[in-house]
Every structure is written in structure tokens, then in C-alpha cells.
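Biologist: Can we go through the aromatic contacts and the strands in this one? Here is the model.

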Amino acid sequence: MNIYIKAAERSAQWHARQMQKMKACKFDTIAVHGIYSMQEALDFNQGSIIEPIYMSSSQGFRDSDEMEAALSYQIPTWCYSRIGNPSMYYLEGVLALLEGYGGDFETSCCATASGMSAIMSACDPFLAVDPESPDAPVNFVATCKVYGGTFQQFGIRKHNERNIEWRKVVNSNDIEEWEAAIDEHTRFLYGEMPSNPGQSFFDLKKVGELAKKYKIPLIVDSTVATPALLRPLQWGADIVVQSVTKTLTSSGFGISGAVIAKKNLDLKIDNDLLKQDFGMYLKTLPNRDNGPNISPVNAILSLNDIRTLRSKIDLMSRNTLQVARFLSGHKHIEQVDYLGLETHPLHDLAKQYMVLVDSDIDDLYNKPVNRYGHLMSFHVKGGAAAARKVFDSLQRIWRATDLGRIKSVATIPAISTHQQQGEEGRDLAGIPPNLIRLCVGAEHYQDIIDDLDQALNGLDRRQPDQAGRNKNTAKEIAPYFSAGGASSARLQE
Ligand SMILES: *Cc1c(COP(=O)(O)O)cnc(C)c1O
């Protein structure tokens, strides 16, 4: 076995040097190249300049010694694609570097099949029964303005089904509310910022200090910001979760997620492997056993989108600000929620945190510039019916329960993403029925403004002409789900 272990040591050193080399590069360079090197390409990958998709369930071994060393984790291995795979490894490497960018600490990443499985992977290891006192109650403290899926995972899967108490922070910008909820049974703090869709935001540094004081981790869902605008690990978070599905994979090719953590976490939990390298711990133990990790195809599709992250989020953020300003002045609009608007109550706080990475050293800005992402929401005057009429009249902006796309997409959260949590849950999350969530893409902003303008001005007309457009054709409608069933399921008027 020794020759394999020696070879593995050399290879581990080579990879560590490679990480260091990349860590010294600027954000865009890391995003473009990740940890894939020319040397690897020429030695192992037929010279391919793009990271290969390893469509294989498992790795073959040279002999039983190598197999034994690999399966006892004494040498780096990807052995089986549920645990690891070279394509996953390239995605994990780039995400670890980007979330850790500018920080004086090491990071690691475990890529998952979805944002939801990233959240589950990040939280569940901290909710394990304490063998010293197996009957002790368990709780976690988390903001209630969270993505609808997170609300369900916390409220139903954890709180109701497993008796793990979710202590909800209603006003996440009130640090005393956070602290009042913490006791000796609190396992972690969790916050989403900016939140989807409400744009809530909290003082990351202060909540990070609180987590440190109690030696519990602060987990932050930073999906909306992406590491191009905000890197919570630098401000005191221990673990970041990303729905890689969203802005990171703006093309919309598939579903994926990631957990990125600082190495050597200083926490009270009695689990050394977990604390040393949370990303590696997840990959090799809990996620090996639970199986929520990403497929190699999705890993490379996501990786490919991440290369242009910074310039895309700059453009899409600027477009969103234009759209938000337009909507703020529109007679049919009651309220616009976008952190980038100076009138937003949390604008000044967000301004301290949300900065386009490396804007101070690029040739375009040459100074730090604030960018606030491409997610916003607005309330239509006239209640739910008016909001639905506007929504139904959109012609360029897609109606879909999605965000983060290169194409503009809108949804009504009360009837979609946040439908299942009920009215009380929506009140807590701040989601009235006349709220439309809009994620502005990379189109020219004027075309998006024009689409919104014509949809809003439709409210001036008594007859629902545009709004009826999609409904008039009911007899032509067939469900998309199954082509086979479609003809028999054709709806009759
Ligand atoms: C979409 C989303 C998730 C869940 O991610 P999936 O990839 O859809 O599982 C989690 N958090 C936020 C903020 C999201 O927008």
C-alpha cells in the first residue's frame, strides 16, 4: 500500500500548490480556470482545454492495495460517483476558491444535487443526537424570511417531523432578537440574505460575532448575492450554502447546489473531522451515506456558467436597478423592494456588504462599486387580481417559478414558491398576494421596462384583452408533462 500512499502524498502536495497558485489570482481568473490546469489536461485529459465530464459510476483500481488505501480514505480517490468524481471536484474547487476569495483562511466545498440538499447537508450534521444527553431538546435559530423550500424543510421536515425546534427570527436586523432565541440547546444560526423574495438583510458581522460567542456555526444562504457580490465567510459566517441552480448557473441548464465552509471551524460540537474540513467531511461521511450529491454533467454545466459570473452579475444588477427605478415611479405600483434603491430601509446596511468584487481594480470602474443582484419584487396596486392581470400580460418576461436566469423571469410567490406555507407563513415571510417577484436578466433593460409598462398599463383598460390572451386558447391547451397523455388530456372548453 505504501507506494500508493507515497504517490498520494506527492499528488496532495501538487494539488495544494495548485490551489495556492490559483488563490493568488484575481476573481475572474479563478472563475474562468478554476482548479483545472494545463498540466492535468496534457498529462491525463487528452489535452482537453475544458474540464471533462467523467460519465462513470466508479473508478477502477490497479490492484487490491490501491483499493484498500482508497476505500480507507488514505489516498485521494473518487472511488464512486455518489461520493466524488473528477467533474464534481473541479466544480467544488472553483466554488471553494470563489467563496473564500480575499479571505485569509482555507475553504472547502461539497457540491450537491440541489440547493435544498445543500441546506440539508449543511444543517443536519449539527442536529445529531448528543450521546451524552440523548433526550435533550434540540433547536436552531433561523430567519423566517427564507426561500419557500427552506421554510418547508425547516418547518415541516425538521420542526414537525423530527421535533427539532425552529426558533424564528422575525426581524433579522434586530441583533437582540437573535440573541434572545439562543440557549444551550441551540445548534446553529441560519440566515438568508438578501432573502428571496423579500430582500431582507441582516448585519452579518454582528450575527457572526454572536455565533462565535456561543461557539455554534453561522450558516448563510447566499444564493441571491453569489460570491461576486458578497462572501459571508469573510464577515464571520462559518458555512455558506448556494443554490447553484440560480445565478451561478444562469443558463438554466439544471439543478445543483453547494456547501462551502471555512476549514478549522472553532465550534463547541464534539466532532474533529467535521471541524477540520466540513466540505470533505460531508463528502466522505454523511453525504456518502445519504446520497444527495451532484451528477458529473450538472457539475460541468454549472462550472461553465460560473466562468463569466462577475461580468454577468454586474450587467444584470445594473439592469435591475433601472427596472426598479422605473417601477418606483409607476402609478400602478404600490411598493418596490430592491436593496439597490436608496429608499429601501436596508439600503445603507446592504451597501456596506454588497460590492462588485474587484471593481476597485478593473479598468471599467477602478473603485469599489455597489451592486445588489438581479432579484427584486414589487407590489401592484389593486390587490391579487390586479397583480395576476399584470403577470398574465407579460410578453417578454417569462412566467416561471425560477430566478437567477440570463432571461428575465417573474413569479407570484403567494401562488407558487411560497404557496405551501399558508397565509400565516406568508405573513411571517412578508409575502402579500399582490407581490410579483422579478429576476431581471441580461436583455437590454429598456425592453424589459417596455414589457412591464404595457402589462401595467393594461390595468387602465376595463376589458381584460391582454390578460385574457393566454386563457382564450384553452381548447388548444395540453399539459406539457407527458407527450403521450397530452392528446387525450386536451382540455375542453
Ligand atoms: C432556489 C433557492 C433554494 C433552493 O435551491 P434548489 O436548487 O432549487 O434546490 C435555496 N435558497 C434560495 C435563496 C433559493 O432561491
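This is a predicted model: local features need pLDDT of at least 70, side-chain atom pairs count only at pLDDT 80 or more; totals for chains, interfaces and linings use all residues.

Biologist: How many aromatic pairs does a search of the whole structure find?
Modeller: The search finds 16. Rings of Phe, Tyr and Trp (its six-membered ring) pair if their centres lie within 6.5 Å; planes under 30 degrees apart are stacked, over 60 edge-to-face, and the rest tilted.

Biologist: What kind of pair do F27 and Y101 make?
Modeller: Edge-to-face, because the planes are at 80 degrees, with the ring centres 5.4 Å apart. F27 is in helix 2 (residues 27–33) and Y101 in the loop between helix 5 (86–99) and strand 1 (107–112), so the pair ties together parts 74 residues apart in sequence. Helices (H or I, at least four residues) and strands (E, at least two) are DSSP runs, numbered from the N terminus.

Biologist: Is F27 buried or exposed?
Modeller: Buried, at 0% relative accessibility. Y101 is buried too, with a relative accessible area of 12%. Buried means under 20% relative accessible area, exposed over 50%, partly exposed in between (1.4 Å probe, protein chains only).

Biologist: And what about F140 and W166?
Modeller: Their ring centres are 6.5 Å apart and the planes are at 10 degrees, so that pair is stacked. It links F140 in strand 2 (residues 139–143) with W166 in strand 3 (residues 165–169), 26 residues apart. F140 is buried at 0% relative accessibility, and W166 at 3%.

Biologist: Which cluster do ring pairs link F140 into?
Modeller: One made of F140, F151, F154, W166, F188 and Y190.

Biologist: What lies over the face of W166?
Modeller: K168, at 4.5 Å from the ring centre. The criterion is NZ of Lys or CZ of Arg within 6 Å of the ring centre and within 35 degrees of the ring normal. K246 lies over the face of Y147 at 4.8 Å.

Biologist: Switching to strands. How many residues of strand 4 are buried?
Modeller: 7 of the 7 (residues 186–192), so strand 4 is largely enclosed by the rest of the structure.

Biologist: What does strand 4 pair with?
Modeller: Strand 2, parallel, over 3 bridges, with A142 opposite Y190. Strand 4 also runs parallel to strand 5 (residues 218–221), joined by 4 bridges; there L189 has L218 as its bridge partner. Two strands pair if DSSP finds at least two bridges between them.

Note on methods. Residues are numbered from 1 along each chain as its sequence is written. Side-chain values use heavy atoms; hydrogens and water are left out.
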